[in-house]
Amino acid sequence: MKNLRTALDPAAFAEIQSRDIEKEILPCMPLMHLSAVYDTWSKAETPEALKSMWDASSAPAISISIIAATIGVTVQEQIRVSKEQGDPDRAALLTAVALESLEQSFHFVLRLITDEAKDDACELSPLMPVPQELLTASLTVLDAQKADIVIQDGALHPLYSAVRFCVWNPVKKKNARAK
């Protein structure tokens, strides 16, 4: 809903809010083709091209995970068509659903990684964007073309794609209070 609020002018947002938003969103869902690839490495196992990612980690970090996710190109094409047909509200709705779907794909993978981290007595940092200079290396190492995520003309493609990372930190043990 927050993505929709920012994508529409206030009057259009109020009009859409007055309708059943579920009925507006459901037809958009088949346009979302979620796909993601991810991997995790210890400091010693990290591919050479990605070793500088450790510079963003805190001192006790023991592993790093990188996720590349997309929702595909179908929705991107429908947004373009909606704009061309003079339907900015539909384009805004599709954009909002696309952004939310991309976020949800990251949250899904993050839940999987969180479970693995808990098994290793670790907690994860918040997801951070992979630095621009490491996008190509990250996509190559992840074999992201399997998820149809590539760099074209210097930008991620499809448009609604992103590459993020997090670090694994050991869970801090609580000190027992002296009695």
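**Burial, pairing and contacts in a predicted model**

Mentor: In this predicted model, the buried residues of α4 pack against α5 (88–119). Residues are numbered from 1 along each chain as its sequence is written, and side-chain values use heavy atoms, with hydrogens and water left out. Local features need pLDDT of at least 70 and side-chain atom pairs count only at pLDDT 80 or more, whereas totals for chains, interfaces and linings use all residues.

Trainee: What makes α4 a helix, and which of its residues are buried?

Mentor: Helices are DSSP runs of H or I with at least four residues, and strands are runs of E with at least two, both numbered from the N terminus. Helix α4 covers residues 74–84, and V75, I79 and S82 are buried there. These three cover an arc of only 65° around the axis, so they lie on the same side of α4. The arc is taken from the directions from the helix axis to the C-beta atoms. An α-helix has 3.6 residues a turn, so residues three or four places apart point the same way.

Trainee: Why is W54 called buried?

Mentor: Buried means under 20% relative accessible area, exposed over 50%, and partly exposed in between (1.4 Å probe, protein chains only). W54 has a relative accessible area of 6%, so W54 is buried. W54 lies in the loop between β1 (35–42) and β2 (63–70). Among the residues that W54 touches, beyond those up to four places away in sequence, are W41, T46 and I64; contact means heavy atoms within 4.5 Å.

Trainee: How do you know that β2 is largely enclosed by the rest of the structure?

Mentor: Eight of the eight residues of β2 are buried, so the strand is largely enclosed. S63, S65, I67 and A69 cover one side, and I64, I66, A68 and T70 the other.

Trainee: What makes β1 and β2 a pair?

Mentor: Two strands pair if DSSP finds at least two bridges between them. Eight bridges join β1 to β2, so the two strands pair, and they run antiparallel. Eight bridges also join β2 to strand β7 (residues 161–170), again antiparallel. A68 is the bridge partner of V37, and in β7 the partner of A68 is V163.

Trainee: Why is the link between S161 and T70 called a polar contact?

Mentor: A polar contact is a pair of N or O atoms within 3.5 Å; within protein, one must be able to donate a hydrogen and the other to accept it, and residues adjacent in sequence count only if both atoms are side-chain atoms. The side chains of S161 and T70 make such a contact at 2.7 Å. S161, in strand β7, counts as buried at 10% relative accessibility.
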